[in-house]
Amino acid sequence: MKTFRHLLCLLSVVFLVPCTAALAAEGDTIVVLNEDFSAFTEGSESSPTTTDISGYTGKLRTELTGWSGSRVYEAGGCLKIGDSGYLQTANTDMTSNGGNLRISFRAKALDATGGGIQLLLNSSYSVTTTVYLDNGEWTDVVVMVGGGTATGYLRIKPYLIASGMLIDDLKIETSQAFIGVPEATQPTVVSDEAFTATWKVVSGATSYLLDVYTKNGDVKEYLLKDESVDKPASSYATTQSKQVTGLQAGKKYFFTVRAKRNQYVSDYSNEIQVVKVISNIDAPVATDATDVSATGFTAHWNEVAIAEGYEVTLYRRQVLQNDSTVDVLYDDFGGFTDGTLNSPSYPSASALDNYTSQPGWTGLSVALAAASGYFGMSPYSGSGYICTPALDLSKNEGKYKVTMKAASYYYGTFKDDSVKIYFYDGDSAPADSATIYLSGDFSDYTVECSKGAAESYVYIEYAGTNKFYMDEFAVSQELKAGDVYTSRMETFPAGNATELKFDVPLSNTIGYAYTVAAYAPTVKGSSYTGYYVDNIYSSSSNEIIVSYSEPTGIGVITGEKSGDNVWYTLSGMRLNGEPTIKGIYIYNGKKVLVK
């Protein structure tokens, strides 16, 4: 499983949200630019125009002299910037007050999952900062930067927002009190006793204030508070750092930093959690369940030394009473409620469990697309993929079918197209493959495979230029009476405990199994993409099978009468009725003998 899943890992991104600076007096504030886009009245927020107004003779340049852009549209008093587009202000003198700037605007991502906005000051090739929006609502953005020049300009670009963004009320101001907020970076060398705190320098800063602390609930307990650190000796330095010692093993440390210029101090940087770099973590050893009854059981496992928490994956095991065609996986994608075929939503690959009926689906985030009741792909370039959860398809000699309704769609027209299906059995190379040729409206398509294994995946790859959608997706097998049909239910967080209680029904034909994975935080990324903290997971533990058999023998009632029509057994079971009459009674489906 680890080998195959490694192929599906996606690059994570560090989310940095700039904060408003804590300012001294702003009496020297100068407004460099103030634009509310009120001249752009065509269209609306919900339905922007479809004509790009950023061309040389377009409305953007005629209304706002010196401005430029790409894929810019009117949106009823604000502007839409489309995916891969940008909006750029005219060249403006931004040198007042040392070129210290406050950039503010309102923004709205047109994807419900939000996205990023890149701000580029003075150079279209250097990103000054990236702001991340958590959702698709209007958000007030305020960013402090330095480095304003005599012919400065600001370029604004959507980043990871497939549907683009709306922008309104853009203002650029200068003041001596405006100081850029430092960006703290993740340490990559950490010991139990020390680490090096590092951050990006801020233009115009003369020193920095460093805080290092642990947390007791919401209370910070400081190792360093407002520790003064000089600016770098070299004017070409892009980072500054300080060695921090005196840590206590086993404690979690955090740090923030502020920039200072004379009496003015910036807001706090992003908070960094100091984490050791680990490359692997041992799998837990799952142990037998306890408290097994008709209504549930408690799962157990052994502690892993460096684990910060555990996740338990639960599987349902059903003994088939008759020969049956079983849907090992089925999803009508009814969990996707946003978007249309023409204007899909773009779900995050990390949030698919919120939409699918069975957890564990994966996909290429920048290629995923969904319309209400449909799931699919709309890759910008190259190809995209969607992959099912792990499935046990080892029965019936590994024979199984994949069925789906599918179509290729492009702005009101169904297109002839194709999609590739790969069948994986847990190895890094596919065990088999097939091609589905799409034609016309949504139709039923079936492919078969005879190489199912205990850990199988169905991988759907689309490399076309249209939008591929699928519905009523099923993976099915022909099973025999007596076969055990296993389906993955859900992965449950257990925190740092080593047991977890499950309230589930068990019977002679319904049982369960569970596996456990441990996790711990580590530092991921690279010097190119940036470093960030994320959990590293162990492989799954051994599997524990939980079964329960209802009593079918005859129990004997003994003991004295207690109350009208109630007799007690030695096990504490009660029988209501006429216990003075000898014979066999049925109580909650169990046979009991009165004598």
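Strand β24 (residues 374-377) and β32 run antiparallel, joined by 3 bridges. Met377 has Phe468 of β32 as its bridge partner. This is a predicted model: local features need pLDDT of at least 70, side-chain atom pairs count only at pLDDT 80 or more, and totals for chains, interfaces and linings use all residues. Residues are numbered from 1 along each chain as its sequence is written, and side-chain values use heavy atoms, with hydrogens and water left out.

Strands are DSSP runs of E with at least two residues, numbered from the N terminus. Two strands pair if DSSP finds at least two bridges between them.

| Strand | Residues | Bridges to β32 |
|---|---|---|
| β21 | 324-331 | 7 bridges |
| β24 | 374-377 | 3 bridges |
| β26 | 400-410 | 8 bridges |

Val326 is bridged to Gln477 in β32. Ala407 stands opposite Tyr469 in β32.

How many residues of β32 are buried? The count is 11 of the 13 in residues 467-479, so β32 is largely enclosed by the rest of the structure. Buried means under 20% relative accessible area (1.4 Å probe, protein chains only).

The second largest pocket holds about 1,300 Å³ of space. It has 44 lining residues; Ala162, Ser163, Ser343, Pro344 and Tyr346 are the closest to its centre. Elements giving two or more residues to this lining are β2 (68-74), β3 (79-88) and β4 (101-109). β3 gives the largest share, 3 residues. A pocket is an open set of 1 Å grid points where a 1.4 Å probe fits, with protein on both sides within 12 Å along at least five of seven lines; lining residues have an atom within 4 Å of a point.

How values were computed. Buried means under 20% relative accessible area, exposed over 50%, partly exposed in between (1.4 Å probe, protein chains only). Helices (H or I, at least four residues) and strands (E, at least two) are DSSP runs, numbered from the N terminus. Grid points are joined across faces, edges and corners, and a volume is the space filled by probe spheres set on the points.
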